[in-house]
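Here are some exercises to work through with the structure open beside you. Try each task before you read its solution.

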Amino acid sequence: MPRVALLSEEAAARFRRSVGPEAGRALAHRPAMAEVIGQFNAVVARSELPARLHELVRYRIAQINGCQRCTTYRMPGAPVSEDELALVEGWASSDAFDPLERLALDFAERFCTDPTSVDDALCDGLKAGLGDDGLVDLAVCVSKYVGTGRLITVLDLDQACTLPWTSDDAQPVS
């Protein structure tokens with residue numbers, strides 16, 4: 001049950017496509033913040049990271065955050081099977097992921113749990129595979145998933161919703 005009063009659907013209507021239904025109703029308390037979160041979501045949806053790497057990182061952060069909604073959501077078109085997602089939590093001992101994916105998953109975990117442990121060696125490895133622009137892209141995407149996922153979890157919002165990625169074709173997994 002949400003930990004804040006949910007305003008009317010009418011109050012949240014303008015945020016409906018950029019945040020989940022309960023999040024929109026909660027964030028309607030602060031429309032300017034809701035708009036910025038919606039813009040942030042839209043920018044991250046246009047990330048230039050490889051779709052598979054992006055989905056693996058997004059999913060791992062959802063696991064760390066304990067966000068039910070985020071762990072059931074799947075990025076449309078991301079070439080990741082359910083069997084592969086089942087291995088994400090134990091990525092460090094799995095051979096299902098290529099070296100760049102492993103670096104990105106390591107980065108995501110460290111970012112979430114101990115950001116001061118993100119070191120030059122890790123960043124250099126990521127830059128070798130993604131470039132400086134790719135490392136910035138990854139860091140921004142990770143920050144979005146960590147922050148928004150924790151906001152949703154802490155306020156107990158949208159734990160069973162379908163949230164479109166960029167269009168109405170997003171699919172939850174039951």
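## Exercise 1: a lysine in helix 8

K144 sits in helix 8, which covers residues 120–154. Keep in mind that this is a predicted model.

**Task.** Find out which side chain makes a polar contact with the side chain of K144, and whether K144 is buried or exposed.

**Solution.** 
- Step 1: check the burial. K144 is buried, yet has no salt bridge.
- Step 2: look for the opposite charge. The nearest such side chain is that of E55, and it is 10 Å away. A salt bridge needs the nitrogen and oxygen within 4 Å.
- Step 3: look for a polar partner instead. The side chain of N41 makes a polar contact with that of K144, at 3.1 Å.
- Step 4: list the neighbours. Leaving out residues up to four places away in sequence, K144 touches F40, N41, V44 and G149.

## Exercise 2: follow the salt bridges

**Task.** The structure holds nine salt bridges. Trace the ones that involve R52 and E84, then those of R110.

**Solution.** 
- Step 1: take E84 and R52. Their closest N and O atoms are 3.0 Å apart, and the two form a salt bridge. This pair links distant parts of the chain: E84 is in helix 6 (residues 82–85) and R52 in helix 4 (residues 51–65), 32 residues apart.
- Step 2: compare their surroundings. R52 counts as buried at 16% relative accessibility, while E84 is partly exposed, with a relative accessible area of 22%. The cut-off for buried is under 20%.
- Step 3: widen the view. E101 is linked with R52 and E84 in a network of salt bridges.
- Step 4: move to R110. Its side chain meets that of D106 in a salt bridge, at 3.1 Å from N to O. Both residues lie in helix 7 (residues 99–113), four residues apart, about one turn of the helix. D106 counts as buried, at 18% relative accessibility.
- Step 5: find another partner of R110. That is D119, with the closest N and O atoms 3.5 Å apart. D119 counts as partly exposed at 35% relative accessibility.

## Exercise 3: zoom out

**Task.** Describe the order of the elements and how much of the protein is buried.

**Solution.** 
- Step 1: count elements. There are eight helices and two strands, running α-α-α-α-α-β-α-α-α-β from the N terminus on.
- Step 2: check burial. Of the 174 residues, 42% count as buried.
- Step 3: The protein exposes about 8,900 Å², and carbon and sulfur atoms supply 55% of it.

Notes. Residues numbered from 1 in each chain as written. Predicted model: local features only at pLDDT ≥ 70, side-chain atom pairs only at ≥ 80, totals over all residues. Heavy atoms only, no water. Buried < 20%, exposed > 50% of the residue type's maximum accessible area, 1.4 Å probe, protein only. Lys, Arg positive; Asp, Glu negative; His and termini not counted. Polar contact = N/O pair within 3.5 Å; in protein donor to acceptor, adjacent residues only side chain to side chain. Contact = heavy atoms within 4.5 Å. Areas by Shrake-Rupley, 256 points an atom, 1.4 Å probe, with all protein chains shown as cover.
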